[in-house]
Every structure is written in structure tokens, then in C-alpha cells.
Amino acid sequence: MATHILTFHRGQALNKLTRRRASLVVSASSSSDKQVVLVCQNKECKQRGARRTLKCALALAETLNVQVEEQDCFGDCAMGPNISVNEKMFYGCKTPDKIAAAFATVEGIDADAVDEARTAYENSLQ
Ligand code: FES
């Protein structure tokens, strides 16, 4: 069962803009030991396709034991859409291959499972 939790960054007022920029935490269960994949959803990454990146990341996370969170900005905007896994950056994550490559670095994840999830996502697009 999917769980949606809104979190807010320190020091931000809870106005409409903040609510839009709030981090959306999506997990496949209530387990808190999942590793987190951060996907930038700030303006410049969105202009480069970060919404599609997030859609793919959420699809991969559904079948893998991974949590996906929206990130405001990593500061590497010109190279977006950007993903971070365990503080390692992955730039230009526009394709399922690149997004899956980021997921493959999640500690303890099975590379074959990532490949299967990527293939299933690609097939769902056809
Ligand atoms: S907008 Fe994505 S890293 Fe800045």
C-alpha cells in the first residue's frame, strides 16, 4: 500500500508556494529502513524533463524496496534532471536506463531486479 507523507524544509513558512515545493515521500510500505532516491523537481530540472524522471523513479520504486522523495534543488541545475542516491549525484537522468543506473547504486539492491523493473516500466509506455 502506498503511503504519502508531506514534509517541509526547515525555516519555510507553510504558504502555498512552500506547499508546492514540499517534499513528497512515497513508499511502498510503512518500513522506515528503505534507502532514499532523491529526484529534483525544481524549475530547471522540470524544464529538462524531471516530471518524466520522477514518474519513472516512482514506477521503479514500486517494485524495489526503495523510497523516492522529491528534492527542491541540488544546485547542479544545468545538468538536470538530477537524482541523488546516498549523496552520489546522477546527472541528466532523462531515460529509464539512466534512472535505473542510479537505482542500481542503492545499497543491497539486486541489479537484475532493477533491470526487470526498468523493462516493465519501458513496456508500460508502449
Ligand atoms: S533545479 Fe534541479 S538541481 Fe537545481
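Visitor: Where is the place of Asp 110?
Guide: In this predicted model, Asp 110 sits in the loop between helix H4 (96–103) and H5.

Visitor: Is that residue buried, exposed or partly exposed? What's the call on Asp 110?
Guide: Asp 110 counts as partly exposed, because its relative accessibility is 44%.

Visitor: How far is Asp 110 from Leu 64, going by C-alpha atoms?
Guide: The separation is 8.8 Å, although Asp 110 and Leu 64 are 46 residues apart along the chain.

Visitor: OK, step back. How many helices and strands does the chain have?
Guide: There are five helices and six strands.

Visitor: What share of the residues is buried?
Guide: Buried residues make up 40% of the 126 in the chain.

Visitor: What about contacts between residues 24 or more positions apart? How much do they account for?
Guide: They account for 59% of the contacts in the chain that have a separation of 6 or more.

Visitor: Back to H4 and H5. How do you describe two packed helices anyway?
Guide: You give the angle between their axes and the distance between the axes.

Visitor: So what are the values for H4 and H5?
Guide: Their axes cross at roughly 155° and come within 10 Å. An angle over 145 degrees counts as roughly antiparallel, so H4 is roughly antiparallel to H5.

Visitor: Left-handed or right-handed, the way H4 passes H5?
Guide: The crossing of H4 and H5 is right-handed.

Visitor: Which residues make that contact?
Guide: H4 supplies Pro 96, Asp 97, Ala 100 and Phe 103, while H5 supplies Val 114, Arg 118, Tyr 121 and Glu 122. By class, the contact of H4 with H5 has five nonpolar and three charged residues, with no polar ones.

Visitor: Arg 118 is on that list. Is it buried or exposed?
Guide: Arg 118, which lies in helix H5, counts as buried because its relative accessibility is 13%, and the cut-off for buried is under 20%.

Visitor: What does Arg 118 touch?
Guide: Leaving out residues up to four places away in sequence, Arg 118 touches Leu 60, Pro 96, Asp 97 and Ala 100.

Visitor: Now H3 and H5. At what angle do they pack?
Guide: Helix H3 (residues 50–63) and helix H5 (residues 111–125) pack at about 125°, and their axes are 9 Å apart. That angle makes H3 oblique to H5.

Visitor: Which hand is the crossing there, left or right?
Guide: H3 passes H5 in a right-handed crossing.

Visitor: Who's in the contact on each side?
Guide: On H3 it is Arg 52, Lys 55, Cys 56, Ala 59, Leu 60 and Thr 63. On H5 it is Ala 117, Arg 118, Tyr 121 and Leu 125.

Visitor: How do the residues of that contact divide by class?
Guide: The contact of H3 with H5 has six nonpolar residues, one polar and three charged.

Visitor: Different topic. How many disulfides?
Guide: The count is zero disulfides.

Visitor: Is Cys 93 buried or exposed?
Guide: Cys 93 counts as buried, because its relative accessibility is 1%.

Visitor: And what about Cys 77?
Guide: Cys 77 is at 22% relative accessibility, so Cys 77 counts as partly exposed.

Definitions and conventions:
Residues numbered from 1 in each chain as written. Predicted model: local features only at pLDDT ≥ 70, side-chain atom pairs only at ≥ 80, totals over all residues. Heavy atoms only, no water. Disulfide = S-S within 2.5 Å. Buried < 20%, exposed > 50% of the residue type's maximum accessible area, 1.4 Å probe, protein only. Axes fitted to C-alpha atoms, helices over the stretch in contact; angles between N-to-C directions. Helix = DSSP H or I, 4+ residues; strand = E, 2+ residues; numbered from the N terminus. Parallel < 35°, antiparallel > 145°, perpendicular 65-115°, else oblique. Left-handed = near helix turned anticlockwise from the far one by under 90°. Contact = heavy atoms within 4.5 Å. Nonpolar A, V, L, I, M, F, W, Y, C, P; charged D, E, K, R; others polar.
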